[in-house]
Amino acid sequence: MDDIYPLMEHAADTLCAASGRPAAAITLERLAAGELTDADLRIAADALRAQAAIALAAGYPQLAANLRRAAELTAVPNAELLRMYETLRPGRATHAEMLALAARLEETYGAIETGAFVREAAAVYLSRGLTAPTP
Amino acid sequence: MKRESEMSAENKSRRFAVLAERDINKETFVEPWPEAGLIVADSPYDPRPSLRIEAGRVVEMDGKARADFDSLDLFIADHALDLSVAAEAMATPSLQIAHMLTDINVPQTAVRRLACGCTPAKLVEIIRHMNVLEMMIGLAKMRVRRTPANQAHVTNWKEHPALLAADAAEAALRGFAEVETTVRVARNAPFNALAVLVGTQTGRGGVLTQCAVEESLGLRLAMKGLTTYAETLSVYGTERAFVDGDDTPWSKAFLAAAYASRGVKVRFTSGTGSEALMGHAERCSMLYLEARCLLVTKGAGSQGVQNGSISCIALPESLPGGVRAVLAENLLASMIGLECASGNDALASHSTMRKSAKLMLQFIPGTDFICSGYSAVPKRDNLFGGGNFDAEDFDDWNVLQRDMQVDGGVLPATEEAVLAVRERAARAIQAVYAGLGLPPITDAEVAAAITAHSSDDMPDRDAVADLAAADRFLASDAGMLTVAEALRRAGFVDIAANILEMGRQRVAGDYLQPAAIFTSPAGAEGSRPLRVLSAINDPNDYAGPGTGYRLEGTRWEALQAIRQAQSPRHFVAPHVGPSSPRLVELGLARPSTRAEIIVAVGPAFNTALTRTIAGLEHEAVLAAILSGVADEGLTARIVKVYRSSDLAAIGYAGAELSGSGIAIGLQSRGTAVIHKRGLARLNNLELFPQSPSLTLETYRAIGRNAARYAKGVPPAPVGVKIDNWARLRLIVKTALLHRRETDEIADKPPQELWFDWEPD
């Protein structure tokens, strides 16, 4: 693991932000030149997948699964991500709305693992009375 | 036994009246009541451990069939348990796993492998076999990160940005690896997070920061780059408590992934007592419910947990075994591979003795974060409800580390360094406010923040204007980059670079791994590059003496260098002045048969030392003793004993020479004894060991009494002020003065001294 982690050290050449800007190019000089944007400080799905692989190899499979879901969620814009979380809170969404959320994750964002996770939640919520009453 | 109320007034014990006033008796103590969830461990209603797996799926867990599972059971069964090892783990006797926890020959990984296959009831059953000492050994081994650390709370009642920045900078300087803030008024959240970000990165680059607020708002702050971790993702051990907390295991897990998707470290929060407090304990013990919380946390993919009862701490502490159970929950978290920020945060006791004793259970073994919030501000400014340890305890904490050679994660700091870093942070946040067009921070506010102890020392701000600006700031695109750029433009280049580096680290995500912190030297300068330490590159490898984390080398030197520590080399100097020319050594002292008193002095008397520990000139002490002897109509001869610096030996040698058989032994530091020929050396007539309290009047009384013994007249009691603390205060000086006297020992018989002195 010592030759992979930390990525900042061992993947310095290939590590990129969500914007595609190499981590090595996130500098005060670029900031001063007005070149940096918020996306330059956002983690890319690839980096999260790399961290997930590291966590899995080190014996942390649940953390790895979380980081894979996170990799998928990098594609979701901030405001929608907040809404998705809100939908998953108890009593907020009907069963159908939860299934729609799962479908949107899968179809719009290619978030297969997260979509399945939401489907699983939908089934549990239904059986445990945690869904919103159907209007 | 009669009840207290039935006792008559004359039957009241004065001792019990004093005990009733003690701090410990401000606490509430209750007997267990399982039906109300008021039992810390082993409720008769706790389930027995069991697990049945069919076709790769859990069909029964802890005595419950899958059809009867609630949402937590389902989540634990399907996400938390490692089914590849579960059968083996459940078949291993719990006592055997308890043994493995304390056996230094069993590596951490072997215990963790089995623990990850244990159901909640099984985990609790393992702990049932362990006392606190065994649990501490287990914790030292199971802690995730090898290097222990600590977290600070920085808040203030006025939510003053300059004070927040200054206190955050001081906390960073003092070595805290994380700083958590929160709000009094929720709308202030973005500004509080901003001030703590700027402050910490002034004190030391790489300190992780968070702002504890409602979940959605917390995520928004993280998205803006104002925080780098989130901790208050609370989970509960029953479904009803969970839902009252407005979440489910799935929504919490989604939130954790959402944070991670923005490169933000996440830690869940749980702790004994929360379910009972929320009325949903379902007759189960606090520890069993906490085991469920921990498995939900694990299943959700959180890298760690803040547990140890946290804000509920007084509830388990009201019950028998409460503090043990809190240690047990820390151990359980570590066993299953969760980073553990181990409580010691919320106000837990009125009694400093009880607080400190409880702390030792985490402090000595070391945890990933000893406190999940050491209040780096005064109690009243702590918006988490008052810290158990706060800014007023910094020195105590540093001394405890120094006493035990234990790394509690808090560096000593000098007043000069603290003032410098507070000024820099206050000026930096002033510059950020100016650069972003926020309501200005005046020079007077900056000046107040530098020297302030609490928000009482701070001027009031226009709260309405600040809140309106905070709303606009939250809604705007401004974030970490804007802040870094404002700092750079104002000339705070190093702080800007530190903040940008936190953004760059976010891109790598190395600190999303278990128990990650950044280490870097103190100060904004030279903080980069940051070095991440986590379970991946700093796994705890404790395997008994000589292994694992050891406080040694430069870190140990830094922790022992408290500002109060002084060189003992000049302790003796105030006790060495010019020798009195009125005291002259004549030659060999001979025995006599006259009715006299001998004053036998130590080898350093009036030469290598000239003043007693109380600062009295030797000459004056001698004059006082001789005056006392003269008061009784006798005379005294003075001899200097060279062969010993021991008081009994000096007095004994004097008595051997004395015509009356009575001698006063006097060490150069002032300790005195009245000795008599024929007594055993270590016996005496009177001993005056409290030399710091002896005055010239006492020495005169000692002289009088010695003469009365010689005359066969009953002695009068010598009044000596009793000061029990003198020994504590002066023991180093006592040792050094005695050492100086011992250095003067020479192989020659007692010598007679001539003292040019006449009684008044």
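Biologist: In this predicted model, how many residues does the contact take from chain A and from chain B?

Modeller: The contact joins two chains, and each gives its own set of residues. Two residues count as touching if their C-beta atoms, placed from the backbone, lie within 7 Å. The contact takes 48 residues from chain A and 58 residues from chain B.

Biologist: Which element gives the largest share of the side of chain A that touches chain B?

Modeller: Elements that give two or more residues to this side include helix H3 (45-57), helix H4 (61-73) and helix H7 (112-128) of chain A. The largest share is eight residues, and the helix that supplies it is H4(A).

Biologist: How many residues of the side of chain A that touches chain B are nonpolar?

Modeller: Sorting that side by class gives six polar and seven charged residues. The remaining class is the nonpolar one, with 35 residues.

Biologist: What are the bounds of the domains of chain A, and how many Å apart do their C-alpha centres lie?

Modeller: The domain assignment of chain A gives domain 1 as 1-72 and domain 2 as 75-135. Between the C-alpha centres of domain 1 and domain 2 of chain A, the distance is 27 Å.

Biologist: Which are the edge strands of the open sheet of four strands in chain B?

Modeller: The order of the strands is S6-S5-S4-S11 (chain B), and the pairing is parallel. An edge strand here pairs on one side only. The edge strands are therefore S6 (208-212) and S11 (372-375) of chain B.

Biologist: Is the crossing of H4(B) and H6(B) left-handed or right-handed?

Modeller: Helix H4 (residues 94-102) and helix H6 (residues 120-128) of chain B pack at an angle of about 65°, with their axes 8 Å apart. Ser94(B), Ile97(B) and Ala98(B) of H4(B) make the contact with Lys122(B), Glu125(B) and Ile126(B) of H6(B). By class, the residues of this contact are three nonpolar, one polar and two charged. The crossing of H4(B) and H6(B) is right-handed.

Technical notes: Residues numbered from 1 in each chain as written. Chains lettered and ligands numbered in written order. Predicted model: local features only at pLDDT ≥ 70, side-chain atom pairs only at ≥ 80, totals over all residues. Nonpolar A, V, L, I, M, F, W, Y, C, P; charged D, E, K, R; others polar. Pairing = 2+ DSSP bridges. Domains from an automatic or database assignment. Axes fitted to C-alpha atoms, helices over the stretch in contact; angles between N-to-C directions. Left-handed = near helix turned anticlockwise from the far one by under 90°.
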